[in-house]
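My notes follow, in the order I took them.

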Amino acid sequence: MIGGTGMFGSRLCDLLARDGLDVTVAGRGPNLGGKFCTNHAKVRQNFVQNRQNAPELSYITLDRDGPLDGLAGFDVIVDAAGPFHAYGGDPYRVARGAIAAGAHYFDLCDNAAFCQGISVLDGEAKASCVTVASGMSSVPAVSSAAVTALCDGQTPLMIETAILPGNKAERGRSIVESILSQTGKFYVEKQGGRDVDVRSWSAPCSYDLGRYTRQGWRIEVPDQRLFPDHFNCPTVTFRAGLELAMMGYGLGVFSFIRSRLGFRIPHWVVSAVMFCARALAPFGTDRGAMIVQVTLSQGTGFIYKSWIMRA
């Protein structure tokens with residue numbers, strides 16, 4: 001598990017270990033190994049108490065930009081590091097390393113270009129009899145499953161997805177960097193079968209989640225590139241939101257300014273945003289939701305179906 005000490009990676013490692021699977025975390029910092037093994041010692045203890053074979057939990061030092069010899073000997077390689085848009089001139093280097101090692105490869109990427117482009121490895125993966133899959137995250141993995149269930153064989157006229165976390169939800173640096181990197185940039189979205197240019201983090205929309213409402217802002221994820229062809233759908237949109245209005249509108253203003261000036265996002269800006277996010281962490285709630293909505297034709301009218309996952 002590359003990036004197994006991060007926010008998503010550590011949770012996935014914990015779930016895999018609880019299922020009795022041996023897990024090895026790979027990270028750049030050798031000092032993180034002791035922390036990982038200490039945090040997961042309770043998992044092993046539970047197996048011992050129940051007189052079951054405890055899973056092996058170990059740590060190796062590996063830099064995804066350096067030699068990939070450390071990938072040898074594993075059945076499955078999971079990349080939970082990110083941010084995937086910053087993987088450089090050879091974005092699928094780790095995936096190719098997994099194929100060369102004879103291991104299946106999965107990643108938690110939600111970057112549109114990365115997910116769409118990984119199909120270039122189909123031939124290599126099939127020749128090595130391994131699976132290579134990208135986007136094993138909320139989007140497009142969970143969102144596509146929800147759309148498939150909601151449509152139940154029908155062709156959707158519109159697919160709209162939104163992820164709206166509470167302010168107290170954990171935020172890793174890679175997530176913050178991924179959001180900031182998109183602000184102010186334009187991407188293409190299918191609307192009524194036409195390609196429309198959309199500015200990332202713009203056009204806020206409110207979602208009624210029962211006991212509370214949340215605001216979502218347009219941002220690009222793999223869904224807008226993959227779903228029009230996969231589901232033969234003429235309109236596909238996605239929004240992400242923040243619970244605190246000042247943070248949402250702050251990013252909206254930042255997006256507008258960046259769209260005009262076109263400056264890059266230096267590391268100190270990411271650090272500053274991370275600092276502000278931690279300072280505001282006591283405010284808001286830990287309530288969040290993911291919502292997937294589809295519009296279907298029925299006779300001379302339309303029907304609307306929704307799937308909501310609340311936290």
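How many salt bridges does the count come to? I get 9 salt bridges, taking a side-chain nitrogen of Lys or Arg within 4 Å of a carboxyl oxygen of Asp or Glu. A caution for myself: this is a predicted model, where local features need pLDDT of at least 70 and side-chain atom pairs count only at pLDDT 80 or more, while totals for chains, interfaces and linings use all residues. Residues are numbered from 1 along each chain as its sequence is written, and side-chain values use heavy atoms, with hydrogens and water left out.

**Salt bridges**

I looked up R96 and found it bridged to E124, with the closest N and O atoms 3.4 Å apart. That pair links helix α4 (residues 93-100) to helix α6 (residues 122-127), 28 residues apart; I take helices as DSSP runs of H or I with at least four residues, strands as runs of E with at least two, numbered from the N terminus. D90 joins R96 and E124 in one network through shared partners.

Next came E160 and R239, which meet at 3.4 Å, N to O. E160 sits in strand β6 (residues 158-164) and R239 in strand β11 (residues 236-240), so the bridge ties together parts 79 residues apart in sequence. Buried or exposed, I wondered, is E160? E160 is buried at 13% relative accessible area, and R239 is buried at 8% (buried is under 20%, exposed over 50%, partly exposed in between, with a 1.4 Å probe and protein chains only).

**Aromatic pairs**

I counted 8 aromatic pairs, with ring centres of Phe, Tyr and Trp (its six-membered ring) within 6.5 Å; planes under 30 degrees apart are stacked, over 60 edge-to-face, the rest tilted. W217 and Y249 have centres 5.1 Å apart and planes at 85 degrees, so I noted them as edge-to-face. W217 belongs to strand β10 (residues 213-218) and Y249 to helix α10 (residues 245-261). W217 is buried at 5%, whereas Y249 is partly exposed at 43%. I also noted a cluster of F84, Y87, Y92 and F114, linked by ring pairs.

**Helix α10**

Which residues of α10 are buried? I listed M247, G248, L251, G252, S255, R258 and S259. The face turned away carries the exposed M246, V253, R260 and L261. Just after α10, I found G262 with a positive phi of about 65 degrees.
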